[in-house]
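Please read the points below with the structure open beside you.

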Amino acid sequence: TKITFSVPERGFVSLKVFDILGKEVEQLVSGDYSRGTYSVDFDAAGLSSGVYFYSIESKTESGKTFRDMKKLALVK
């Protein structure tokens, strides 16, 4: 699965995947990113079918913070 995200201005970005109980199952992104659009591959081969959530958080150099969470249905 490919997850695409956009960064409006340079800053630190974190992208994590959680199971239905809120346990973190994988951290896909953790680092500084410049402005632009990126995509990251999520290899769910070791996970069972079910509902997962992915959370993205961005903290820009100007002090702005963005957080969002999306639902992901994994069907094998």
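1. Two residues are said to be in contact when they have heavy atoms within 4.5 Å of each other. By that rule S58 touches F12, V13, K64, T65 and F66, leaving aside residues up to four places away in sequence. The model is a predicted one, so every point here concerns a prediction.

2. Is S58 buried or exposed? S58 has a relative accessible area of 8%, and buried means under 20%, so S58 counts as buried. The residue lies in strand β5.

3. K64 is one of the residues that S58 touches. Where is K64 placed? K64 sits in the loop between β5 (50-60) and β6 (65-74). With a relative accessible area of 54%, K64 is exposed, because the exposed class begins over 50%. Its contacts, again without residues up to four places away in sequence, are E9, S58 and K59. K64 and G11 are 53 residues apart along the chain, while their C-alpha atoms are separated by 9.1 Å.

4. Next, the strands around this region. β5 and β6 form a hairpin with 4 residues between them. In the turn, G63 has a positive phi of about 100°. The two strands pair in the antiparallel sense over 10 bridges, and one example is S55, whose bridge partner in β6 is M69.

5. β5 also pairs with β2: these strands run antiparallel and are joined by 8 bridges. V17, for instance, has Y54 in β5 as its bridge partner. When you look along any of these strands, keep one rule in mind. In a regular strand, side chains alternate between the two faces of the sheet.

6. How many salt bridges does a search of the whole structure find? The search finds 7. One of them is between the side chains of R10 and E61, at 3.3 Å from N to O. R10 is partly exposed at a relative accessible area of 38%, whereas E61 is exposed at 63%.

7. A further salt bridge joins the side chains of E24 and K16, with an N to O distance of 3.8 Å. The cut-off is 4 Å, so this pair is counted. E24, with a relative accessible area of 36%, is partly exposed. K16 is also partly exposed, at 25%.

8. K59, already named as a contact of K64, forms a salt bridge with E57, and the closest N and O atoms are 3.6 Å apart. K59 counts as partly exposed at 44% relative accessibility, and E57 is partly exposed with a relative accessible area of 23%. Which residues make up the network of salt bridges around this pair? The linked residues are E57, K59 and R67.

9. The last topic is the aromatic rings. A pair of aromatic rings is described by the distance of the centres and the angle of the planes. A search of the whole structure finds 3 aromatic pairs. In one of them, F5 and Y33, the ring centres are 5.8 Å apart and the planes stand at 75°, so the pair is edge-to-face. Here too, distant parts of the chain are linked: F5 is in strand β1 and Y33 in strand β3 (residues 24-33), 28 residues apart. F5 counts as buried at 7% relative accessibility, and Y33 counts as partly exposed at 22%.

10. F5 forms another aromatic pair, with Y38; this one is stacked, at 5.8 Å centre to centre and 25° between the planes. Why does this pair tie together separate parts of the sequence? F5 lies in strand β1 and Y38 in strand β4 (residues 36-41), so the pair joins parts that are 33 residues apart in sequence. Y38 is partly exposed, with a relative accessible area of 25%. Through these ring pairs, F5, Y33 and Y38 are linked into a cluster.

Key:
Residues numbered from 1 in each chain as written. Predicted model: local features only at pLDDT ≥ 70, side-chain atom pairs only at ≥ 80, totals over all residues. Heavy atoms only, no water. Buried < 20%, exposed > 50% of the residue type's maximum accessible area, 1.4 Å probe, protein only. Phe/Tyr/Trp six-rings, centres within 6.5 Å; stacked < 30°, edge-to-face > 60°. Pairing = 2+ DSSP bridges.
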